Amino acid sequence: MESSSKLGRRATKFSSKTMENISRATASSYKKKKKKIKIPRCILIPQAIDVQVHGFCDSSEKAYCAAIYIRSKDTTQTVIARLLTSKTRVSPVKPQSLTRLELYFALLLANLLHATLPTLTVPISEIFAWSDSKITLAWLKSEPREDGNRS
């Protein structure tokens, strides 16, 4: 494994001519593909009869995230799901237990749903919040309790 200083010296050996060629090739490739790229702007299927919101959250030791998708269905039973919004956070510098990080991601999803749902102008039939953490789900289902460490 190389040290970072050796990698830095190696990286500076690239000439400006090499970087210019890479940039030109990337731009050329992008121009060829640009006409094929289509980003749908509409998040709902036309004439939607059923609209659901699905929120997902997950974490690792380095970061945690939440994403909200909107799922719509029309009378022909065609279903589409589109990303509505997402939020990521870097884990705190001070080491945290995985349980605490999983609670952070559940809170991030709850806050994201709380901020997003009032902005939607279509009737929502169901709202789902998904997590793969059994520990977090157990904590959320449990009764609130007094914590002697809090004032």
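**Helix packing and ring pairs**

The axes of helix α3 (residues 98-116) and helix α4 (residues 134-141) come within 9 Å and cross at roughly 65°. Axes here are lines fitted to C-alpha atoms, for helices over the stretch in contact, with angles from 0 to 180 degrees between N-to-C directions. Helices are DSSP runs (H or I, at least four residues), as are strands (E, at least two), numbered from the N terminus. The angle makes α3 roughly perpendicular to α4 (65 to 115 degrees). On the α3 side, Thr-99, Glu-102, Leu-103, Phe-105 and Ala-106 make the contact, and on the α4 side Ile-135, Thr-136, Trp-139 and Leu-140, where contact means heavy atoms within 4.5 Å.

This is a predicted model, in which local features need pLDDT of at least 70 and side-chain atom pairs count only at pLDDT 80 or more, while totals for chains, interfaces and linings use all residues. Residues are numbered from 1 along each chain as its sequence is written, and side-chain values use heavy atoms, without hydrogens and water.

Across the whole structure there are 4 aromatic pairs (ring centres of Phe, Tyr or Trp, the latter by its six-membered ring, within 6.5 Å; planes under 30 degrees apart are stacked, over 60 edge-to-face, the rest tilted). Tyr-64 and Tyr-104 have ring centres 5.7 Å apart and planes at 25°, so the pair is stacked. Because Tyr-64 lies in strand β2 (residues 63-73) and Tyr-104 in helix α3, the pair ties together parts 40 residues apart in sequence. Phe-128 and Trp-130 also form a stacked pair, 5.7 Å centre to centre with 15° between the planes.

Methods. Parallel < 35°, antiparallel > 145°, perpendicular 65-115°, else oblique.
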